[in-house]
Amino acid sequence: MNGQPGGVPCLLMRGGTSKGAYFLAGDLPADPAARDELLLRIMGSPDARQIDGLGGAHPLTSKVAVVSPSTDPRADVDYLFLQVAVDRAEVTDRQNCGNLLAGVGPFAVERGLVPADDELTSVRVRMVNSGDLATATFPTPGGRVDYTGDAEISGVPGTAAPVVIEFPPGTGPLLPTGNARDDLHGTPVTCVDNGMPTVLIAASDLAVTGYETPRDLEEDRSLAARLREIRLLAGRRMGLGDVTDTTVPKLTLLAPPRDGGAVTTRTFIPVRCHTSIGVLGAASVAAGLRIDGGVGAGIARVTPGDDRVRIEHPTGFLDIVSGVGTGADGLPSARRTAVVRTARKIFDGTVFPRSAETAPPPAPSPGGHR
């Protein structure tokens with residue numbers, strides 16, 4: 001491990017509507033258990049305030065990106081996303097994070113993993129958690145990353161340089177259950193995976209409007225119990241196994257749009273209601289809305305022939321370019337997915353983790369390590 005004695009080189013970045021610590025893989029222990037134990041001490045977990053570390057006391061600000069050169073000829077860098085729990089000693093790699101993905105390309109250039117072009121630089125990224133690929137393109141005038149610009153995304157104050165992220169069509173089925181609509185414990189759902197396993201549910205089928213605040217939805221104990229039983233069954237139907245201790249699949253409630261978008265959403269991760277919506281989750285929602293016979297029919301307002309889908313969420317909207325066609329097996333398949341995000345470097349330096357003697361031992365990772 002490099003850096004000052006006891007310290008670890010770290011770049012803290014906002015990626016999309018999340019914030020996380022970015023590390024070179026070579027600056028962290030190679031052993032996953034030792035790495036996770038160190039990250040818990042760096043982020044300040046377990047502690048509801050994460051007062052003794054970098055974490056921001058919320059899942060959206062307790063994230064880690066581990067980046068390294070890729071051995072895959074289709075990618076320039078590998079990106080491993082790790083979710084660090086706030087109030088328990090747990091680190092999991094069971095899902096991707098499309099928000100932190102927005103910062104991976106700039107980080108790769110900052111660390112010299114990828115040379116910058118004179119105007120725009122494209123970085124091909126392999127997401128280690130799932131094996132999926134993405135290409136991030138961002139401005140690098142004069143060969144340096146420029147974080148300033150006029151791109152605006154909901155949930156982030158001000159503007160920044162656009163990071164255009166394009167996702168190639170996935171290799172797995174868009175409909176993991178093979179059905180446009182399933183019945184889970186008496187509730188109609190559409191199970192879709194366009195980068196993030198997601199279960200789409202009409203809010204009205206759960207006796208809510210879908211316009212409630214995240215806090216109000218989180219405090220609805222009856223809703224929480226029903227969502228839990230739906231998620232556990234969905235996990236098995238989608239081939240994910242027992243998802244009791246994981247954060248996937250996501251659950252997204254759908255309601256008619258109120259502000260000119262295609263649909264209003266409330267997403268659970270898995271029990272906290274997202275204050276916005278994740279990039280990969282939004283990609284799955286957008287594709288799911290285009291599936292004939294899905295639960296989005298009659299709720300969403302999707303314009304035929306227009307690949308742009310504006311997804312409304314509690315703090316604004318997210319625009320997704322999403323096209324769905326028919327695969328060789330006759331089932332729906334993703335044709336194109338792209339999104340505009342922004343990222344910003346907050347600090348670049350050395351982080352000093354709290355002493356190992358004062359830190360609780362980490363819990364076994366429910367997702368294992370890839």
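Reply: The radius of gyration of the chain, taken over C-alpha atoms, is 20 Å, which agrees with the value near 21 Å that a compact globule of 370 residues would have; the globule rule used is 2.2 Å times the number of residues to the power 0.38. This is a predicted model, in which local features need pLDDT of at least 70 and side-chain atom pairs count only at pLDDT 80 or more, whereas totals for chains, interfaces and linings use all residues. Residues are numbered from 1 along each chain as its sequence is written, and side-chain values use heavy atoms, with hydrogens and water left out.

Along its principal axes, the C-alpha trace spans about 60 × 45 × 40 Å. The chain contains five helices and 16 strands, these being DSSP runs numbered from the N terminus (helices: H or I, at least four residues; strands: E, at least two). Of the contacts with a separation of 6 or more, 63% are between residues 24 or more positions apart, where contact means heavy atoms within 4.5 Å. Buried residues make up 53% of the 370; buried means under 20% relative accessible area, exposed over 50%, and partly exposed in between (1.4 Å probe, protein chains only).

As to the part in question, the structure holds one aromatic pair. Tyr22 and Phe107 form this pair, with 5.7 Å from centre to centre and 40 degrees between the planes, and the arrangement is tilted. Rings of Phe, Tyr and Trp (its six-membered ring) pair if their centres lie within 6.5 Å; planes under 30 degrees apart count as stacked, over 60 as edge-to-face, and the rest as tilted. Tyr22 belongs to strand E2 (residues 18-24) and Phe107 to helix H2 (residues 98-110), so the pair ties together parts that are 85 residues apart in sequence.

Eleven of its eleven residues are buried, so H5 is largely enclosed by the rest of the structure. Among them are Val279, Leu280, Val285 and Leu289, together with Gly281 and Gly288.

The backbone details concern several loops. The loop between helix H1 (32-43) and strand E3 (63-69) contains Pro46, and the peptide bond from Ser45 to Pro46 is cis, with omega near 0 degrees. Gln50 lies in that loop between H1 and E3 as well; its phi is near 45 degrees, a positive value in a residue other than glycine. Gln50 counts as buried, at 1% relative accessibility.

A cis peptide bond also runs from Ile269 to Pro270, with omega near -15 degrees. Pro270 is in the loop between strand E13 (263-268) and H5. Ala207, in the loop between strand E11 (197-202) and helix H3 (214-218), has a positive phi near 65 degrees, although it is not glycine. At 73% relative accessibility, Ala207 counts as exposed, whereas Gln50 counts as buried.
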